[in-house]
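Please keep the sequence and the structure in view while reading.

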Number of protein chains: 2
Amino acid sequence: MAQKPSIPKGTRDFGPAEMACRNYIFDTIRSVFKTYGYAPIETPSMENLSTLLGKYGEEGDKLLFRILNSGDAFSGIDFDSYRLEGEGDNYNSKALSLKVCEKGLRYDLTVPFARYVVQHQGEISFPFKRYQIQPVWRADRPQKGRYREFYQCDVDVIGSRSLLNELELVQIVDRVFSLFGVAVCIKINNRKVLTGLAEIAGFPDKVVDITVAIDKIDKIGLEAVEAEMKEKGLTDNAVKVIEPVLLLSGSTSDKLSEMRRLMNGGSLSGGVSEAGLKGLDELDELFSLIDAAGISSAVELDLSLARGLNYYTGAIFEVKARDFQIGSICGGGRYDNLTGIFGLPGMSGVGISFGADRIYDVLKGLGLFPQEVTSCTRLLFANMGQKELRYAIPVVKRLRDAGIACEIFHEPGKLKKQFEYAEKKSIPFLAIVGEDEMEKEEVSIKNLSSGEQRSFHIADLDGMGGFIG
Amino acid sequence: MAQKPSIPKGTRDFGPAEMACRNYIFDTIRSVFKTYGYAPIETPSMENLSTLLGKYGEEGDKLLFRILNSGDAFSGIDFDSYRLEGEGDNYNSKALSLKVCEKGLRYDLTVPFARYVVQHQGEISFPFKRYQIQPVWRADRPQKGRYREFYQCDVDVIGSRSLLNELELVQIVDRVFSLFGVAVCIKINNRKVLTGLAEIAGFPDKVVDITVAIDKIDKIGLEAVEAEMKEKGLTDNAVKVIEPVLLLSGSTSDKLSEMRRLMNGGSLSGGVSEAGLKGLDELDELFSLIDAAGISSAVELDLSLARGLNYYTGAIFEVKARDFQIGSICGGGRYDNLTGIFGLPGMSGVGISFGADRIYDVLKGLGLFPQEVTSCTRLLFANMGQKELRYAIPVVKRLRDAGIACEIFHEPGKLKKQFEYAEKKSIPFLAIVGEDEMEKEEVSIKNLSSGEQRSFHIADLDGMGGFIG
């Protein structure tokens with residue numbers, strides 16, 4: 001009857017060593033969120049499908065994990081009416097799944113956050129600064145580094161248009177990665193500038209095509225980028241309008257000045273873009289605040305940055321590790337109408353999301369997990385027999401109450417076996433008690449790596465604690 | 001197009017105030033688990049249904065949340081063959097759901113733990129001491145205090161028969177509730193003693209009936225309990241054999257002695273129960289260890305305690321709050337063959353589970369959440385304008401880097417509004433900077449409850465930190 005145990009593809013077990021590293025990541029991120037005044041919330045793993053559907057595009061709808069209605073999910077359904085014509089036992093799965101599933105697993109933390117804000121608007125004092133660290137589920141094809149269950153760490157403030165919020169998110173990124181010891185580059189752009197660029201080129205509906213092409217400048221070069229834009233339907237003149245953007249160089253303020261000249265009618269087209277100018281004003285202000293704050297990470301204006309174009313309306317952020325190739329490890333931006341779909345219009349917000357799995361890979365790859373992260377138990381108390389055990393129990397209890405992680409070996413036995421247990425679990429200290437120690441009311445503690453051994457009176461908690469460290 | 005947002009019945013949102021209280025519970029429990037040398041693991045939310053089905057009885061199978069296969073879940077299915085005869089559009093939902101769902105949400109942490117141990121047995125050094133704090137899902141009918149998604153906090157050691165493990169679980173319970181300030185009674189029994197009782201009564205197959213009846217002694221009295229046992233098929237003689245158990249009184253050791261006399265052939269039946277005697281030996285040893293450890297909670301031998309009879313094989317635990325009526329807030333026991341179903345026989349283990357939701361209700365009901373738990377931001381920096389803001393930003397950054405949770409009010413505006421924000425969010429300190437302070441390189445900080453106001457040089461982090469607490 002024994003089954004060979006396994007877990008669904010794309011999911012993972014985390015053992016003690018991985019958990020220690022993952023908790024180090026979450027704890028660090030959480031501690032920074034807190035010092036910036038963000039408070040935690042949690043939402044249910046399941047949301048009504050009506051909350052989730054249509055929020056992530058058609059592709060996203062397909063990637064939702066749906067939960068079969070409990071009870072008798074199938075009775076009363078006229079399956080024939082869902083049959084696709086002329087195709088045998090083929091059915092309209094989309095329609096049928098709506099019939100038998102009312103709930104789905106959350107796909108990200110953003111839509112549940114929007115739903116939360118609308119549902120609880122009466123209890124919330126705005127601006128609402130919240131963080132949320134929970135798993136999300138996507139029925140993506142599993143592959144290296146892509147999982148069907150993974151954690152997101154989101155931090156958002158909603159109900160304020162102030163660019164101070166953008167600054168604080170940059171500061172949070174800077175602080176988190178400086179605590180991790182990871183050198184990062186924080187790339188910043190503004191959606192309104194991309195809109196402006198399409199406007200002055202005379203193709204306001206081609207923002208995405210233009211941005212995608214610009215994004216490739218470093219990889220494929222000027223000519224190829226211009227060719228791609230023409231392929232997408234831009235005129236020669238439009239491409240010429242955009243060319244100065246591709247050739248931008250110098251300091252951030254040089255770039256911003258040149259862009260302002262273009263948006264102000266200085267382009268070949270001669271058109272002025274109000275949206276573009278507004279975006280440049282926001283970037284000016286944000287970079288000025290960044291200067292005032294003294295950010296230690298590299299911060300870079302990147303006019304090709306274009307995350308989630310359909311979604312963001314102002315600042316856009318993306319963070320990359322400078323010494324490790326893995327793509328973006330953190331990203332986000334400002335949105336103006338997140339809660340509109342749930343009936344609360346005009347709520348502007350800005351947020352970022354930390355990619356815990358990629359950060360894990362970066363820290364692992366660069367050897368940056370602190371050594372003390374993985375050690376768990378500090379002291380193993382050897383078990384020499386019933387009498388010694390009863391002597392040890394209250395001593396160990398006091399050490400534990402003082403916050404020191406201790407174990408007593410589970411059964412009396414050869415010391416060699418007990419040593420081996422300590423070694424396997426990387427327990428750094430071993431306590432031994434024999435007749436001698438019991439008579440003197442002492443405990444002998446050995447540092448298993450240095451070999452140093454010291455005796456302490458059983459009441460000398462400070463002494464033991466200091467030695468065990 | 002706006003939808004009225006809601007969440008599935010039986011699920012919950014947790015806002016900042018609830019999260020603070022819940023995290024206090026989880027952090028406290030986790031910190032104690034750690035000092036006892038238990039290490040964390042996490043398993044996926046979804047398990048293969050083959051892992052889950054048949055582990056919780058037929059009723060449990062019905063309460064599993066099943067996840068619809070992704071992609072085209074329905075095509076190729078001959079629905080007619082699942083039709084229940086003569087009942088129109090009624091289908092065999094059980095069989096059909098197996099066809100369209102391969103995965104389910106975990107129902108508890110025990111079965112995934114067993115699956116984990118078997119799957120990773122090569123990497124684990126036994127005895128394996130693990131804790132796991134994760135949500136579980138049950139399609140139960142929602143009602144007050146019963147949710148469809150709730151957290152379990154499990155701590156188990158597997159691969160050791162030593163009763164030291166039982167002791168340590170009792171110590172963990174004692175420590176956790178002493179940290180919470182909740183007086184508890186820890187009730188202990190042993191499954192083998194219940195087996196023995198049924199044996200000496202001559203009805204070895206009626207363990208459950210006998211135990212259920214005994215359990216009611218306080219509520220319904222001796223006569224009613226005996227009547228119930230007879231109703232369940234026990235003979236007069238069998239009931240007489242059990243009667244002394246119902247009349248047990250005195251100290252734990254008195255009770256154990258009397259039970260030993262009965263199990264040793266001193267009952268009316270004159271039969272000897274080896275299982276019963278083994279159970280009493282285990283209880284003797286455990287209570288002796290408990291004496292040696294000095295437990296501050298009340299610990300009580302309760303021979304009517306019978307949690308999860310089909311499952312536990314040795315010690316059984318249950319914990320109740322003494323000053324709050326809510327049922328059991330923690331429970332567990334020893335099992336001898338948890339991993340057998342997954343192909344790894346002979347693994348004995350023992351564990352307990354803390355009920356976070358009930359503990360929340362107890363702490364709330366008794367007013368035991370520490371006040372500092374709910375406070376989040378310590379200091380609000382007033383925003384008096386662009387110049388003042390740029391002066392404040394680096395000061396606030398240093399306070400945050402020192403671990404103090406601060407906010408800067410998001411936009412310049414009337415001080416009254418900023419005061420109100422601090423008040424609403426229970427932020428205890430307000431920092432103000434004007435021309436005067438900027439000239440002197442100072443910051444004025446006001447304690448909003450006492451009214452006390454002090455000025456600090458902007459470099460005097462220790463001074464500010466000390467005042468803000």
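Predicted model: local features only at pLDDT ≥ 70, side-chain atom pairs only at ≥ 80, totals over all residues.

B:Pro127 is placed in the loop between helix H5 (110–119) and strand S5 (128–137) of chain B.

## The eight-stranded sheet of chain A

Which strands make up the open sheet of chain A, and in what order? The order is S1-S5-S6-S11-S10-S9-S7-S8, eight strands with mixed pairing, and the edges are formed by strand S1 (39–40) and strand S8 (298–301) of chain A, each of which pairs on one side only. Within this sheet, strand S10 (residues 328–335) and strand S11 (residues 349–355) of chain A run antiparallel and are joined by six bridges; A:Gly333 has A:Gly351 in S11(A) as its bridge partner.

Helices of chain A also pack on the sheet, among them helix H5 (residues 110–119), which touches strand S5 (128–137), strand S6 (149–158) and S10 of chain A, and whose direction makes about 135 degrees with that of S5(A). Helix H7 (residues 191–201) of chain A likewise packs on the sheet, where it touches strand S7 (184–190) and strand S9 (315–321) of chain A, and its direction makes about 50 degrees with that of S7(A).

Strand S7(A) is largely enclosed by the rest of the structure, because seven of its seven residues are buried. A:Val184, A:Ile186, A:Ile188 and A:Asn190 point one way from the strand, while A:Cys185, A:Lys187 and A:Asn189 point the other way, and all of them are buried.

In which sense does S7(A) pair with S9(A), parallel or antiparallel? The two strands pair in the antiparallel sense over seven bridges, and A:Asn189 has A:Ile316 in S9(A) as its bridge partner. S7(A) and S8(A), by contrast, run parallel and are joined by four bridges, with A:Glu300 in S8(A) as the bridge partner of A:Lys187.

## Aromatic pairs and charges over rings

A search of the whole structure gives 33 aromatic pairs over all chains. In one of these, the rings of A:Phe79 and B:Tyr91 have centres 4.8 Å apart and planes at 90 degrees, which makes the pair edge-to-face, since the planes are over 60 degrees apart. The pair joins two chains, because A:Phe79 lies in the loop between strand S3 (66–68) and helix H4 (93–100) of chain A and B:Tyr91 in the loop between strand S3 (66–68) and helix H4 (93–100) of chain B. Both A:Phe79 and B:Tyr91 are buried. The pair of B:Phe33 and B:Phe354 is tilted, as the ring centres lie 5.7 Å apart and the planes stand at 55 degrees. This pair links distant parts of the chain, with B:Phe33 in helix H1 (residues 16–35) and B:Phe354 in strand S11 (residues 349–355) of chain B, 321 residues apart, and both B:Phe33 and B:Phe354 are buried.

In chain A, ring pairs link A:Tyr24, A:Phe33, A:Tyr131, A:Phe177, A:Phe180, A:Phe354, A:Tyr360 and A:Phe369 into a cluster. Charged groups also meet rings: the charged end of A:Arg130 sits over the ring of A:Phe113, 3.9 Å from its centre, and B:Arg138 lies over the face of B:Tyr107, at 4.0 Å from the ring centre.

## How the two chains are related

Chain B is superposed on chain A by a rotation of 180 degrees with 0.0 Å of shift along the axis, at an RMSD of 0.1 Å, and the two copies are thus related as by a two-fold rotation axis. Of the residues of chain B, B:Ile67 comes closest to this axis, its C-alpha lying at 2.3 Å. The copies meet through the same surface, because 100% of the interface residues of chain B are also interface residues in chain A.

A:Glu441, although not a glycine, has a positive phi of about 55 degrees; it lies in the loop between helix H16 (435–440) and strand S15 (442–447) of chain A, and counts as partly exposed at 41% relative accessibility. B:Ser426, also not a glycine, has a positive phi of about 50 degrees and is placed in the loop between helix H15 (415–424) and strand S14 (429–432) of chain B. With 52% relative accessibility, B:Ser426 counts as exposed.

Key:
Residues numbered from 1 in each chain as written. Chains lettered and ligands numbered in written order. Heavy atoms only, no water. Phe/Tyr/Trp six-rings, centres within 6.5 Å; stacked < 30°, edge-to-face > 60°. Buried < 20%, exposed > 50% of the residue type's maximum accessible area, 1.4 Å probe, protein only. Lys NZ or Arg CZ within 6 Å of the ring centre and 35° of its normal. Pairing = 2+ DSSP bridges. Contact = heavy atoms within 4.5 Å. Axes fitted to C-alpha atoms, helices over the stretch in contact; angles between N-to-C directions. Least-squares fit on C-alpha atoms with pLDDT ≥ 70 in both.
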